[in-house]
2 protein chains.
Amino acid sequence: MTDTAHPPRTPAENAELALLLEVSGTPKPGNVDREREYPDLRFEQFLAGAVGTRDGFRHAASGEPVGRAFERAVAGMSRQRGGNTQFGAVLLLTPLIGATAHDTGNADGGNQRARSVTPQRAQTVVDATTVDDTVAFYTAFEHVDVAVDDPPEELEALDVRHGGAAEPAIRERGLSLGELMEKSASVDGIAAEWTDGFPRTFEVADHLLDGDGPITDRASEAFLSQLAASVDTFVITQHDQSTATEVKNRAQEVLAGRETARELAADFVDRGINPGTTADIVAGGLFVALDRGLEV
Amino acid sequence: MTDTAHPPRTPAENAELALLLEVSGTPKPGNVDREREYPDLRFEQFLAGAVGTRDGFRHAASGEPVGRAFERAVAGMSRQRGGNTQFGAVLLLTPLIGATAHDTGNADGGNQRARSVTPQRAQTVVDATTVDDTVAFYTAFEHVDVAVDDPPEELEALDVRHGGAAEPAIRERGLSLGELMEKSASVDGIAAEWTDGFPRTFEVADHLLDGDGPITDRASEAFLSQLAASVDTFVITQHDQSTATEVKNRAQEVLAGRETARELAADFVDRGINPGTTADIVAGGLFVALDRGLEV
């Protein structure tokens, strides 16, 4: 019996695995995890969502434009009945995966690779986006219902809920996807990552790489620490600013040992509070950590 | 916002998802599930194992010979530190996936398809195996440590633990993989499925399709009902016949309401009893059910 060396996972495999590890981290107050689910949003739907993303991720790793690869991944994610399982995480992951692609493109779907993801390479992917990526981003909203706020009246034509029908308005303004994200950075945690060089994502990756024990436990710790550090913008969208502030404060109480994560999880589930943006950032961090050699 | 129809998952996606749903079913006495794991065999390693199988499954769906596709899937599965997570399930799944392939082959990896799996089609795949498939099957043992019994002395040259080095002995005897499985059918539950037209696999699929509620709950029920119906051959290999008989009897006690599944799970975990073959058959049943339209 020989001890055969195995080639590393591809970026697309790592990205799918990041989604699976993220949802398996427990406790993760307010979100679906392997011990908590909602009747209409189940753990198994996150599994199916993750499986469905891979084809889009493979295209991202091959150097396909970010918008189109993102739309592909979202279409695949949507082939389950839970609705929006991982839209934000996929939006965060796509440029990170794109950052691993060879400059020459990689027609076989990323099986050969020489680059690992860095903030600089991810920023280069963001900076290279065009208005076509913005159109594809809008089209992705046709695959799944995503909770979003109403835009200001003068931007009604750019409501993402128009999907691909917003194309004329998008082209008229000529915004690249990177520029669109920049405009949302103050109100959307994922857009802020796109705009600022993915600081929280890489912070989570460092936390995961420095830790030990089961990765899903490290992911749960990283989640709680991110939740205590920044307001979750998805909670603002679904509820309001004061709820988001309460969530952040309660996470700080857990870190200080004055409340348990399990109590907090039970309360958030009861109240339908889902800090989804924080979970998305943990998924991004898991991908970066796997890409940098985190062993499962 | 339009309601966009999504193409169905490919057979390879369904097979990976089957592995993920199987390990997520709980309680599943004695096996790793989303609430139980061993320090050296974790839930997250089953996730990584499942992600790693997909490329081999894609080749199986494209009509690649079963042995080679199986070896590919096992090599991918082995890229995690838990060791043998899903060897038996992959062995069961590969001919079932192959049964979905078009006769003409399908170079794009199964994205287009017209056939769903039936016992007859799976049997045709088994009957078409050659000695090359047997050699590839042996080579798969080089990727991972699999618990097996010592063969009888006169068959020492055919010990699977020789891996690809057994090739001359294999070729001398000229056994196809289907014929090899037939020889093991009386002592190995997966080989019995290969030999008898996959009866338990399709029985589980019917159970899953007839049920309602979360699929992982249905998978847990199917596991218990299979455990009560047949001795688990992996338990015989790891322990002995009397332990396997006890496992079956205890599962019957649970079905009769005289013991809870959770108590049984705790006891089996304490004693290192892992009815792995039964779990493999549930994974096969999940694939067939997904292929036949089970909605997640």
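The model is predicted. Chain A contains 15 helices and zero strands. Its radius of gyration is 18 Å, close to the 19 Å that the globule rule gives for 296 residues, so chain A is as compact as a globular protein of that length. A rotation of 180° superposes chain A on chain B.

- Taken along the principal axes, the C-alpha atoms of chain A fill a box of roughly 65 × 50 × 35 Å.
- Of the 296 residues in chain A, 60% are buried.
- Among contacts in chain A with a separation of 6 or more, 71% are between residues 24 or more positions apart.

**Surface and charge of chain A**

- The accessible surface of chain A is about 11,200 Å².
- Carbon and sulfur atoms account for 47% of that surface.
- Chain A carries 26 positive and 49 negative charges.
- The mean position of the positive charges and that of the negative charges are 4 Å apart.

**How the two chains are related**

- In general, two copies of a chain are related by a rotation about an axis and a shift along it.
- Here the rotation that places chain A on chain B is 180°, the shift along its axis is 0.0 Å, and the RMSD is 0.0 Å.
- The two copies are thus related as by a two-fold rotation axis.
- In chain A, A:Arg34 has the C-alpha nearest the axis, at 3.0 Å from it.
- Of the interface residues of chain A, 100% are also interface residues in chain B, so the copies meet through the same surface.

- In chain A, the peptide bond from A:Thr26 to A:Pro27 is cis, with omega near -5°.
- A:Pro27 sits in the loop between helix H1 (11-24) and helix H2 (43-61) of chain A.
- In chain B, the bond from B:Thr26 to B:Pro27 is also cis, and its omega is near -5°.
- The loop that holds B:Pro27 runs between helix H1 (11-24) and helix H2 (43-61) of chain B.

- A:Phe198 is not a glycine, although its phi is positive, at about 60°.
- This residue, A:Phe198, lies in the loop between helix H9 (189-196) and helix H10 (199-210) of chain A.
- With a relative accessible area of 0%, A:Phe198 is buried.
- B:Phe198 has a positive phi near 60° and is likewise a residue other than glycine.
- In chain B, the loop between helix H9 (189-196) and helix H10 (199-210) contains B:Phe198.
- B:Phe198 counts as buried because its relative accessibility is 0%, and the cut-off for buried is under 20%.

- B:Pro275 is placed in the loop between helix H14 (261-271) and helix H15 (276-291) of chain B.
- The relative accessible area of B:Pro275 is 0%, so this residue is buried.
- B:Pro275 and B:Lys28 are 247 residues apart in sequence, while their C-alpha atoms are 9.1 Å apart in space.
- Leaving out residues up to four places away in sequence, the residues that B:Pro275 touches include B:Pro29, B:Gly30 and B:Asn31.
- Also among them are B:Phe223, B:Leu227, B:Asp232, B:Val235 and B:Val247.

Note on methods. Residues are numbered from 1 along each chain as its sequence is written. Chains are lettered from A and ligands numbered from 1 in the order in which they are written. This is a predicted model: local features need pLDDT of at least 70, side-chain atom pairs count only at pLDDT 80 or more; totals for chains, interfaces and linings use all residues. Side-chain values use heavy atoms; hydrogens and water are left out. Helices (H or I, at least four residues) and strands (E, at least two) are DSSP runs, numbered from the N terminus. The radius of gyration is taken over C-alpha atoms; the globule rule is 2.2 Å times the number of residues to the power 0.38. Buried means under 20% relative accessible area, exposed over 50%, partly exposed in between (1.4 Å probe, protein chains only). Contact means heavy atoms within 4.5 Å. Accessible areas come from the Shrake-Rupley method with a 1.4 Å probe; for residues, only the protein chains shown count as cover. Lys and Arg count as positive and Asp and Glu as negative; His and the chain ends are not counted. The place of a charge is taken as NZ of Lys, CZ of Arg, CG of Asp or CD of Glu. Copies are superposed by least squares on the C-alpha atoms of residues with pLDDT of at least 70 in both.
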